[in-house]
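This report describes selected contacts in a protein model.

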Amino acid sequence: MVIIYDFHLSLKQYAKRGKENNFPEVDKCPCCRGKVRLRRHGFFWRNALQRGNQYRIPICRLKCPSCQKTVSLLPDFLIPHFQYTLSAVLEQLRAGLLGKTVGYYQLVQFYRKRFLAQLKQVAMFFRDEGFRGILPKDTKAKAIKLLEMVLALGKATFLRRSTGHFTSNFMAH
Ligand SMILES: [Zn+2]
């Protein structure tokens, strides 16, 4: 299980702090919903890519003393399982939808496919947030509109708030 957490840090800052970062205490288990303080359970290291820079960053792991499941605290500038940051993915996705792709054609097509497959859920999220407007019927126009709404809300805010609307997240299968 993943908790997407707002560390109020950029990727660069987060990478610089490394394990010395101020990791939060979590008092509710997202797996069993128990009101228990999760124990620190080491780190794993992953890559994070943005604008030609590659960082190797630690991800804090926690373990529930009640159900024994592990939880990772993922900074909200990353999408689970994506090496590129949320900003980078959305930039590429936007370029792809607008037909302005530069390089990484296959990667952009992959992002595009993933996002289009989740459009209904993305729209549902905004309906639940109170959006009463009309969405375009055309899939591509709808995707562009919804992506603009994601950017207007704040991409990290969207990522954190929308997790319950998806099996995993808005770019997962
Ligand atoms: Zn638990």
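## Salt bridge between Arg 161 and Glu 129

Arg 161 and Glu 129 are joined by a salt bridge whose closest N and O atoms are 2.6 Å apart; a salt bridge here is a side-chain nitrogen of Lys or Arg within 4 Å of a carboxyl oxygen of Asp or Glu. The pair links distant parts of the chain, 32 residues apart: Arg 161 belongs to helix 6, while Glu 129 sits in the loop between helix 4 (119-128) and helix 5 (139-153). Helices (H or I, at least four residues) and strands (E, at least two) are DSSP runs, numbered from the N terminus.

Arg 161 is partly exposed, with a relative accessible area of 45%, and Glu 129 is partly exposed at 39%. On this scale, buried means under 20% relative accessible area, exposed over 50%, and partly exposed in between (1.4 Å probe, protein chains only).

## Basis of the values

The model is predicted: local features need pLDDT of at least 70, side-chain atom pairs count only at pLDDT 80 or more, and totals for chains, interfaces and linings use all residues. Residues are numbered from 1 along each chain as its sequence is written, and side-chain values use heavy atoms, with hydrogens and water left out.

## Further salt bridges

The count comes to five salt bridges. One of them pairs Arg 160 with Asp 6, with 3.8 Å between the closest N and O atoms. This pair links distant parts of the chain, with Arg 160 in helix 6 (residues 155-162) and Asp 6 in the loop between strand 1 (2-5) and helix 1, 154 residues apart. Arg 160 is partly exposed at 27%, as is Asp 6 at 24%.

Arg 37 and Asp 27 also form a salt bridge, at 2.8 Å from N to O. Both residues lie in the loop between helix 1 and strand 2, so the pair ties together parts that are ten residues apart in sequence.

## Zinc site

The zinc ion has as protein donors the SG atoms of Cys 29, Cys 32, Cys 64 and Cys 67, lying 2.3 Å from it. Donors are N, O and S atoms within 2.8 Å of the metal (3.2 Å for Na, K and Ca); water is not among the atoms, so sites may look incomplete. The site is tetrahedral, with angles of 105 to 114° among the four donor atoms; four donors count as tetrahedral if all angles lie between 85 and 135 degrees.

Along the chain, the donors follow the spacing C-x2-C-x31-C-x2-C. Cys 32 is partly exposed at 33%, whereas Cys 64 is buried at 0%.

Conventions
Four donors count as tetrahedral if all angles lie between 85 and 135 degrees; four count as square planar and six as octahedral if opposite donors are over 155 degrees apart and all others between 65 and 115; anything else is irregular.
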